[in-house]
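User: I am new to reading protein models, and I would like to go through this one step by step. Could we work by question and answer?

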Amino acid sequence: MSREPSEKPRHKSGRTMPLHKHIGLKLLATVGIFALLMLCGAVAYWSTGLFYRYTGLAPSDFVQAVVHAVVSFCFFILAGFTISHFIRPRHVELFQLLIDALRRIAKGDFSVNLDVKMERQWGQLVEGINHMAEQLQAMEQMRQEFISNVSHEIQSPLTSISGFARALQNESLSLAERRHYLEIIETESKRLSKISDNLLKLTSLEGKHHPVERKRYRLDQQLRSIILACEPLWLEKEIELEIELEKAEIVADEDMMSQVWNNLLSNSIKFTEPGGKISVKLQSLPGGAQVQISDTGIGIAKENLERIFERFFKEDKSRNRAKGGSGLGLSIVKKILDLHQATISVQSEQGRGTTFTVTWQGE
């Protein structure tokens, strides 16, 4: 594709240079080279003439012209080497600076920020190195935060398991106490297993080649099956369930979408107080569908709505820990929906409930 006429050349550290100044520099360089050639020619003419007078030689005009051209070229090359002798050290220094910066990045030091002035494409190279260092530093911060979150989530159940296993060594414990401690150990072990399983799912979903086995199926039937599978949970809390499911078909990976609805419905049940209400509505749209899952639960603070799909994010960490959450469920939901080009939005108010809306535009 041709460059637009209005595009301006780069100058120094990647900044744009006015077009007239760029043309002026090219003309100046051309005039300089021409002047240097004329000077070398004049020096060659003077030196060869002086040589002929002292030696008494009188070659033909053709030989004189050839000798003059060769001597002029030699003087031009010598002048070029002389000029490059003063310019080269700066270029070598800048080149070495780039190599040192790349070596620092290779060793994991992403605080590189080159502040040097270089011409044309070299300026773009400096900008590219600085941008790469910024992006790698951001990724490193995300990696460290992720490791910190994983360590924190794993440490809590491990501490409980270790503590209660040590308590079981007390021979004076009653049978009821032993059973209670064993139940806690089992619960925390399941929690560890769930964290591990969710991490594997999330890692797999973020892979470039995660298999998505799409097929056409009835979404209303899938939602009805999942609601029935969760019946013991909402009946135990005496939650009123309102269901409105229109007939709708979508093309998707049925197993992956089951994870979406299971996570959303489980969250609604988990954070809805006993005697509350949950509503599941499915509306058929032209070429797609829309699912709304609403509850009258504890809600989400307004300032946290944009962060709920982040890995390990918990609005109320103590409350979520008590309920066994790992902070990965909604991240998995978001990733699966992204793979299917579907969207999810959330509306919530603390103390008044939450509504998740999944919109499917179809293939």
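Analyst: What follows is a set of questions and answers on the chain, its cores, its charged pairs and its surface.

Analyst: This is a predicted model, in which local features need pLDDT of at least 70 and side-chain atom pairs count only at pLDDT 80 or more, while totals for chains, interfaces and linings use all residues. Residues are numbered from 1 along each chain as its sequence is written, and side-chain values use heavy atoms, with hydrogens and water left out.

User: How many helices and strands does the chain have?

Analyst: Helices (H or I, at least four residues) and strands (E, at least two) are DSSP runs, numbered from the N terminus. Counted in this way, the secondary structure of the chain comes to nine helices and nine strands.

User: What percentage of the residues in the chain is buried?

Analyst: A residue is called buried under 20% relative accessible area, exposed over 50%, and partly exposed in between, with a 1.4 Å probe and protein chains only. The chain has 363 residues, and the buried share of them is 33%.

User: Which residues touch the most other members of the largest nonpolar core?

Analyst: A nonpolar core is a set of buried Ala, Val, Leu, Ile, Met, Phe, Trp, Tyr and Cys residues joined through side-chain atoms within 4.5 Å. The largest such core has 46 residues, and helix α7 gives the largest share of this core, seven residues. Apart from it lies another core of nine residues, including I105 and V112. In the largest core, the residues that touch the most other members are L219, M257, W261 and L264.

User: Which residues does W261 contact, leaving aside its neighbours within four places in sequence?

Analyst: Contact means heavy atoms within 4.5 Å, and W261 is itself one of the residues that touch the most other members of the largest nonpolar core. Leaving aside neighbours within four places in sequence, the contacts of W261 are L219, Q222, L223, I226, V291, I293 and V358.

User: Which elements do the buried residues of α9 pack against?

Analyst: Helix α9 covers residues 329-339, and its buried residues are G329, L330, S331, I332, V333, I336 and L337. The helix is followed by Q341, whose phi is positive, near 55°. The buried residues of α9 pack against α4, α7 (254-270), β8 (343-349) and β9 (353-360).

User: How many residues apart in sequence are the parts tied together by E254 and K215?

Analyst: A salt bridge is a side-chain nitrogen of Lys or Arg within 4 Å of a carboxyl oxygen of Asp or Glu, and the side chains of E254 and K215 meet in one, at 3.0 Å from N to O. Both are partly exposed, since E254 has a relative accessible area of 27% and K215 has a relative accessibility of 45%. Because E254 lies in helix α7 and K215 in strand β3 (residues 215-218), the pair ties together parts of the chain whose separation in sequence is 39 residues.

User: Is R216 buried or exposed?

Analyst: The side chain of R216 meets that of E249 in a salt bridge, at 3.8 Å from N to O. This pair links distant parts of the chain, with E249 in strand β5 (residues 249-252) and R216 in strand β3, 33 residues apart. While E249 is partly exposed, with a relative accessible area of 42%, the relative accessibility of R216 is 56%, so R216 counts as exposed.

User: Is D220 buried or exposed?

Analyst: D220 meets R218 in a salt bridge, at 2.8 Å from N to O. R218 is partly exposed, at 24% relative accessibility. The relative accessible area of D220 is 3%, so D220 is buried.

User: Why is the pair of F164 and Y181 described as tilted?

Analyst: Rings of Phe, Tyr and Trp (its six-membered ring) pair if their centres lie within 6.5 Å, and planes under 30 degrees apart count as stacked, over 60 as edge-to-face and the rest as tilted. The structure holds one aromatic pair, and the centres of the F164 and Y181 rings are 5.1 Å apart. F164 belongs to helix α3 (residues 120-167) and Y181 to helix α4 (residues 175-205). The pair is tilted because the planes of the rings are at 45°.

User: Which residues make the nonpolar surface patch of about 420 Å²?

Analyst: Patches are made of residues with over 30% relative accessible area and no salt bridge, where like charges are joined within 9 Å and nonpolar side chains (Val, Leu, Ile, Met, Phe, Trp, Tyr) within 5 Å. Accessible areas come from the Shrake-Rupley method with a 1.4 Å probe, and for residues only the protein chains shown count as cover. The patch is made by F62, V63, V66, V67 and V70.
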